[in-house]
Amino acid sequence: PSIKWDGTSPTIEKDIDTAKDTVRLACGIEPTSILLPYKVKNAVKRDSTIRDLIRYTVPGDILLRNGELPPVLFNLETIIAGAVRNTANEGAAESLGDVWVDNSLVFYKEPNPGLEALSYGYTFRVNAPIVKTYRVETRSGLMVEVSVLQSEKVTATSAGYLITDILA
């Protein structure tokens with residue numbers, strides 16, 4: 001965005017509209033979802049323009065009750081990326097940081113996924129977990145290892161728009 005979302009007079013709605021229009025013109029369908037990192041979500045909910053829009057359109061005083069954005073924002077399902085990871089080197093003291101920091105993704109998510117259905121991305125997973133059991137005499141017991149085979153893939157880049165460098 002030309003004006004950072006945590007700065008003075010940000011153009012949050014305009015930036016999201018630009019992303020929505022870009023996706024619509026690229027693949028012919030309106031995006032359905034927006035992914036907001038935790039810190040970006042906090043900047044958006046503190047913006048006075050967004051607060052006024054929420055105040056007059058969302059029933060139940062959602063900001064005062066749970067302190068969060070509504071589940072739908074600008075006709076987009078709001079997904080908050082709150083995952084954290086340990087960024088320290090192995091053996092060093094734990095240092096937790098956000099996985100998603102300063103980027104927001106506006107994208108189309110197919111409500112009924114299928115092989116020929118358009119969607120920004122899919123998670124492919126083997127239905128049944130793989131279970132391996134074996135005996136370890138030094139531990140005097142049976143060891144059980146369970147794993148899940150899964151892969152996340154972007155399948156249609158034109159169905160998504162990444163807004164980068166959002167915060168100051």
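## A nonpolar patch on the surface

Strand S9 (residues 141-147) contributes three residues to the nonpolar patch, the most of any element. Strands here are DSSP runs of E with at least two residues, helices are runs of H or I with at least four, and both are numbered from the N terminus. The patch consists of Val131, Leu142, Val144 and Val146, which together have about 390 Å² of accessible area. Patch residues have over 30% relative accessible area and no salt bridge, and nonpolar side chains (Val, Leu, Ile, Met, Phe, Trp, Tyr) are joined within 5 Å, like charges within 9 Å. Areas come from the Shrake-Rupley method with a 1.4 Å probe, and for residues only the protein chains shown count as cover.

Val131 sits in strand S8 (residues 130-136). Its relative accessible area of 51% makes Val131 exposed (exposed is over 50%, buried under 20%, partly exposed in between, with a 1.4 Å probe and protein chains only).

## About the model

This is a predicted model, where local features need pLDDT of at least 70 and side-chain atom pairs pLDDT 80 or more, while totals for chains, interfaces and linings use all residues. Residues are numbered from 1 along each chain as its sequence is written, and side-chain values use heavy atoms, leaving out hydrogens and water.

## Salt bridges

The whole structure holds seven salt bridges (a side-chain nitrogen of Lys or Arg within 4 Å of a carboxyl oxygen of Asp or Glu). Lys41, Lys45 and Glu68 are linked in a network of them. Lys41 and Glu68 meet at 2.6 Å, N to O. Lys41 is buried, at 0% relative accessible area, whereas Glu68 is partly exposed at 26%.
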